[in-house]
Amino acid sequence: MSKTIAIIGGGLSGALVVLNILKQSNRATQILWFDAKNAFCKGLAYSTNEEVHLLNVRASNMSVFADQPMHFANWLTQQKLPFSSQDFVPRTVYGQYVSSTFNELKESNTLVKIICLAEEVTAINKKGNDYRVSSNEDYQVEQVVLAFGNYLPAHPRSIHSDFQQSNRYFQNAFSSQLLKHAITQESILIIGSGLTMIDVVLSLNKHQYKGKITAISPHGYLPNAHIENSLPAISSYINEQQTYTLLQLFSLVNQQLKYARANQYSIHSVIDTLRPHLQRLWLGFSLEDKQQFLRHLRHKWGVARHRTASQSMQVINELLNAKQLELIRGRVYDIKSSVTGFEVQYSAKGQDNYLNAAILINCTGPESNFEKLAFPLIKQLLRDNIIRADALKYGIYASENGQIDKYLYTIGPPLKGILWETIAVPEIRLQAQQLGLMLVR
Ligand SMILES: Cc1cc2nc3c(=O)[nH]c(=O)nc-3n(C[C@H](O)[C@H](O)[C@H](O)COP(=O)(O)OP(=O)(O)OC[C@H]3O[C@@H](n4cnc5c(N)ncnc54)[C@H](O)[C@@H]3O)c2cc1C
């Protein structure tokens, strides 16, 4: 008997689940694959057409299949594209790679039928052992995967809120309207100074933007760049049998950093060595440790962990040196909007300051608190207790393998509160492989 699986979300997470079902299923299966934005295989990260938006991971670690690590690098060679496995490839090329892998495999398993539906799912209800998934129509399915991905950032805190309605304010830094509106303006303020800010600045620069760009964030940190020809890596210092408190781990990392500096080892390797252990370490922390980490260390961690390609950072440094780009360490507390732009008030070094900008771009990072999301589906799922927020309110409560209920699962970014390290390809491809197996069993 055939079964039907609904996958809600067409981005990378949804795509990798589909690919793994295709590879692993040996019974008749129908997949209803939904994406509200018709962004199948690409989602938010890989829909960009900008060549300057690069992957922040080398090609050698971006295969869609955990058990075929060179799959992406080999695809690049087959396509005769001018990139090696050590390169940071444009994200638009990566989107083509995921689409091409899907197109190649979609007919490979005659037992699996995939129906792509470019529709927003607005409700999911339990019906006995099954689910009813509602979009333009109602569909009865046996299993559901919530692959919602990343949501837009929350609006910046401000006494006044009318700026939110201005067509000069961009909550979505990847909006197709942004360049059109921004390129002729004299001043742009970006709230946030992480990887999304870097993407925006690179696009503006590529399109010959000549005005002033200011980026503001409470800590004023810029992401680190990957180092070319780096020093040797330190060896692993995590005992796989041991759980650590946050304090123990913090001291250990600091010791290793000191050791690496004193002995000419790569400082980045101190962080990279942690990567394969992160989910287990996070699961071993108490709730209080997790809260302490989020309160005091999250930003520092983000800078150390989420690195940008060195060629991207070179452009950022040139713009900083030319003073076209300015980075302010400050906290925005009010945004007043007028027909010509915004007056933004912020505190910095204990003092109140203000600046004017014609365009305002929100690069503060995705909203992860599901209780604050206004989407009909999320509201309904919470209201009907089909999902609930995790204890940290960083995503959806689920078991560590993404199971929410017997036949309801999630993957990728919604598992941030449970696993912390769950938003990048190396983690998502492993989750998709395991989830694929659970679904076809
Ligand atoms: C800008 C950016 C750059 C990144 N760069 C890298 C990188 O270089 N290397 C790396 O390893 N990782 C990178 N990542 C991280 C990682 O690849 C992404 O987090 C990953 O693509 C997440 O995919 P996703 O499918 O979970 O989410 P998304 O790409 O956000 O896709 C989710 C999809 O779900 C759909 N959806 C949501 N709700 C509904 C609904 N109710 N009905 C129908 N459809 C719905 C949305 O329309 C969306 O298309 C990057 C992330 C971003 C945002």
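Guide: Helices (H or I, at least four residues) and strands (E, at least two) are DSSP runs, numbered from the N terminus. This is a predicted model: local features need pLDDT of at least 70, side-chain atom pairs count only at pLDDT 80 or more, and totals for chains, interfaces and linings use all residues. Residue numbers start from 1 along each chain as its sequence is written.

Visitor: How many helices and strands does the chain have?

Guide: Both kinds of run are counted by the rule above. The secondary structure comes to 13 helices and 17 strands.

Visitor: Are α1 and α3 roughly parallel or roughly antiparallel?

Guide: Axes are lines fitted to C-alpha atoms over the stretch in contact, and angles run from 0 to 180 degrees between N-to-C directions. α1 and helix α3 (residues 91-105) pack at about 25 degrees, with axes 10 Å apart. Angles under 35 degrees count as roughly parallel, over 145 as roughly antiparallel, 65 to 115 as roughly perpendicular and the rest as oblique. α1 and α3 are therefore roughly parallel.

Visitor: Which residues of α3 does α1 meet?

Guide: Contact requires C-beta atoms, placed from the backbone, within 7 Å. On the α1 side are Leu-12, Ala-15, Val-18, Leu-19 and Leu-22. In α3 they meet Val-98, Thr-101, Phe-102 and Leu-105.

Visitor: What does the C-alpha trace span along its principal axes?

Guide: The trace is that of the whole chain. Its span is about 65 × 55 × 50 Å.

Methods
Contact = placed C-beta atoms within 7 Å.
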